[in-house]
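Subject: Structure handover

Hello,

Here is the structure we spoke about handing over. Please open it alongside this email.

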Amino acid sequence: MTQLFEQKSLLGKLLASENLVIEHKKVQTAYFDLKSRTITLPTFKEMTGEVYDLLVSHEVSHGLHTPKQGWHDAIMDNKALKSYLNVIEDARIERKIKEKFPGLRRSFNIAYKKLHDDNFFGIQNRDVNKMLLIDRINMFYKLGAYVKVTFTADELPFIDEINAAETWEDVLRITEKVYSYSKDEQYEMKLEQYEATVKGQSCALDELGTH
């Protein structure tokens, strides 16, 4: 495993074309510190070469394409936007790194299948198409080859825009749109849950009244 870490650490530096610091720690997920230029990677019990390629390449692409100040300003302006921004930026930076290094496509596909099979994303026994839009977007770009994710006619334009996103400014613009749409989506979902609860209570009262 130590030899694998050493080999793949070199891979990260080669992909980034800079002397990045790469650390291995007991963390839940990989992350990149844009300021210190440090990639921190988890020490999974079963770390395959493809999973390592995915993690390193993903974080390297953040280093290449995600602007430190832009990220900081966006999440400081609206901290609730952070998770939305992260999902949509992930889709862009993964596409960018695979366009630059096409040989990574195979590693990404194998790695995401491995993570899906290990239930890394926690979606076993869940209907992904009942998730919120931002979660379905995340599953579509990470597991779309293995999980059928559907979108409504109103949602598909968001996917087209994400597919075409080239710049950080594009990501900000799309994120604002998805976030705004999702506030209405969450309200409608809560309303449906409330109406289902009220209906259930009504049925229960009807049953009680028959005794």
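Predicted model: local features only at pLDDT ≥ 70, side-chain atom pairs only at ≥ 80, totals over all residues.

The largest pocket has a volume of about 910 Å³. It is lined by 34 residues, and A30, E59, H62, N86 and D90 are the closest to its centre. Two or more lining residues come from each of β2 (31-33), α2 (49-65), α3 (68-77), α4, α5 (104-117) and α6. Helix α4 provides the largest share of this lining, six residues. By class, the lining splits into 16 nonpolar, nine polar and nine charged residues.

The second largest pocket holds about 310 Å³ of space. Its lining counts 19 residues, with E94, K98, F140, Y141 and K142 nearest the centre. Here the elements giving two or more residues are α4, α5, α6 and α7 (156-164). Helix α4 again gives the most to the lining of this second pocket, with six residues. The classes are nine nonpolar, three polar and seven charged.

Cavity

How many cavities of 30 Å³ or more does the structure hold? There is one. The volume of this largest cavity is about 40 Å³. Its lining consists of V87, D90, A91, E94, I137, N138, Y141 and K142. Helices α4 (82-100) and α6 (133-143) each supply at least two of the lining residues. Four of the lining residues are nonpolar, one is polar and three are charged.

A strand residue

T40 sits in strand β3 (residues 38-42). Is T40 buried or exposed? Its relative accessibility is 2%, so T40 counts as buried. Leaving out residues up to four places away in sequence, T40 touches E23, K25, V27, T29, A30 and Y31.

Salt bridges

The structure holds 11 salt bridges. Three of them are described here.

R92 pairs with E89, with the closest N and O atoms 2.8 Å apart. Both lie in helix α4, three residues apart, about one turn of the helix. R92 and E89 are both buried.

R95 and E166 meet through their side chains at 3.7 Å, N to O. R95 belongs to helix α4 and E166 to the loop between α7 and α8 (168-209), so this pair ties together parts that are 71 residues apart in sequence. R95 counts as buried because its relative accessibility is 17%. E166 counts as partly exposed, at 39% relative accessibility. What else joins R95 and E166 in a network of salt bridges? K96 and E99 are linked with them.

D117 bridges to K113, and their closest N and O atoms are 2.9 Å apart. This pair lies within helix α5, four residues apart, about one turn of the helix. D117 is partly exposed, with a relative accessible area of 45%. K113 is partly exposed too, with a relative accessible area of 38%.

Best regards

Definitions and conventions
Residues numbered from 1 in each chain as written. Heavy atoms only, no water. 1 Å grid on protein atoms, 1.4 Å probe; cavity = no way out; pocket = protein on both sides within 12 Å on 5 of 7 lines; lining within 4 Å. Points joined across faces, edges and corners; volume = space filled by probe spheres on them. Nonpolar A, V, L, I, M, F, W, Y, C, P; charged D, E, K, R; others polar. Buried < 20%, exposed > 50% of the residue type's maximum accessible area, 1.4 Å probe, protein only. Contact = heavy atoms within 4.5 Å. Salt bridge = Lys/Arg side-chain N within 4 Å of Asp/Glu carboxyl O.
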